[in-house]
Amino acid sequence: MKAQSFPLTKLQPVEIVPANWRDTFSLHQLEKICFPLDSWPLFDIIAALTFPNMVRLKALDGDHLAGFILGDYRPFENTAWIASLAVHPDYRNRGIGAELLEKCEKQIKAPRVSLSVRISNDAAIRLYKRNGYRVVSNWPKYYNGGEDALVMEKDL
Ligand SMILES: CC(C)(COP(=O)(O)OP(=O)(O)OC[C@H]1O[C@@H](n2cnc3c(N)ncnc32)[C@H](O)[C@@H]1OP(=O)(O)O)[C@@H](O)C(=O)NCCC(=O)NCCS
């Protein structure tokens with residue numbers, strides 16, 4: 001899909017606020033741009049925006065969705081998972097991913113947070129390591145196309 005283009009307001013600070021079901025369409029669009037191989041079906045996005053025990057935050061530049069994060073607290077595992085984190089290509093490399101991650105961690109009510117990431121996703125792996133995540137395992141052929149996942153974890 002062609003990346004959505006935004007007006008030249010991208011150097012304005014973004015606002016990080018809670019997301020909800022009204023964001024379904026824009027989040028689905030951004031997901032497809034950021035995860036061309038792994039984007040979620042619409043139903044999964046609706047579920048993530050409505051189910052309990054989820055932290056959902058969005059980064060807004062005015063009315064434009066610049067990024068989002070979904071944190072999924074699983075009480076039976078005593079762990080939260082970063083279910084998704086994405087920043088629109090026009091808004092990358094200015095700290096929005098790190099800010100979304102930090103704010104999500106602050107709202108997560110679990111002693112530990114985990115995530116999985118494609119082993120080739122250097123930008124994301126650097127972001128997670130810089131923010132205190134360590135690699136704890138590898139899930140072979142986890143992703144579409146057969147790529148391995150790194151599983152990373154951080155104690156909160
Ligand atoms: C991974 C992802 C969320 C990172 O988002 P981001 O907003 O670019 O992240 P940040 O800006 O916090 O950090 C990215 C880089 O910008 C740098 N940076 C942050 N603020 C900066 C600033 N003000 N000026 C210059 N560089 C800056 C960071 O140091 C970092 O550099 P590095 O990659 O060399 O270590 C984004 O690339 C993305 O959406 N990718 C596609 C989806 C994806 O892979 N999600 C993760 C799935 S597990």
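## Composition of the ligand shell

The shell around the ligand comprises 11 nonpolar, five polar and four charged residues. These assignments refer to a predicted model. The shell holds 20 residues, and those that come nearest to the ligand are Leu 85, Val 87, Gly 95, Asn 121 and Arg 130.

Four secondary-structure elements each supply at least two residues of this shell: strand E4 (79-87), helix H3 (96-107), strand E5 (112-118) and helix H4 (122-130). Helix H4 provides the largest share, with five residues.

## Backbone contacts and burial

At Val 87, a polar backbone atom is 2.8 Å from an oxygen atom of the ligand. For Gly 95, the distance between a backbone N or O atom and a ligand oxygen atom is 2.7 Å. Gly 97 likewise places a backbone N or O atom 2.8 Å from an oxygen atom of the ligand. The ligand taken alone exposes 940 Å², of which the protein buries 70%.

## The pocket that holds the ligand

The ligand sits in the largest pocket, which has a volume of about 1,400 Å³. This pocket is lined by 46 residues, and Phe 35, Leu 85, Asn 121, Ala 124 and Tyr 128 are the closest to its centre. Leu 85 and Asn 121 are also among the residues that come nearest to the ligand.

By class, the lining of the largest pocket consists of 27 nonpolar, eight polar and 11 charged residues.

## Elements that build the lining

Helix H1 (24-34), helix H2 (42-50) and strand E3 (64-74) each contribute at least two residues to the lining of the largest pocket, as do E4, H3, E5 and H4. The largest share of this lining, seven residues, comes from E4, whereas the largest share of the shell around the ligand comes from H4.

Terms used: Residues are numbered from 1 along each chain as its sequence is written. This is a predicted model: local features need pLDDT of at least 70, side-chain atom pairs count only at pLDDT 80 or more; totals for chains, interfaces and linings use all residues. Side-chain values use heavy atoms; hydrogens and water are left out. A residue is near a molecule or strand if one of its heavy atoms lies within 4 Å of it. A polar contact is a pair of N or O atoms within 3.5 Å; within protein, one must be able to donate a hydrogen and the other to accept it, and residues adjacent in sequence count only if both atoms are side-chain atoms. Accessible areas come from the Shrake-Rupley method with a 1.4 Å probe; for residues, only the protein chains shown count as cover. On a 1 Å grid over the protein atoms alone, a cavity is a set of points where a 1.4 Å probe fits but cannot get out, and a pocket is an open set with protein on both sides within 12 Å along at least five of seven lines; lining residues have an atom within 4 Å of a point. A molecule sits in a cavity or pocket if more than half of its atoms lie within 2 Å of its grid points. Ala, Val, Leu, Ile, Met, Phe, Trp, Tyr, Cys and Pro count as nonpolar, Asp, Glu, Lys and Arg as charged, and the others, Gly among them, as polar. Grid points are joined across faces, edges and corners, and a volume is the space filled by probe spheres set on the points.
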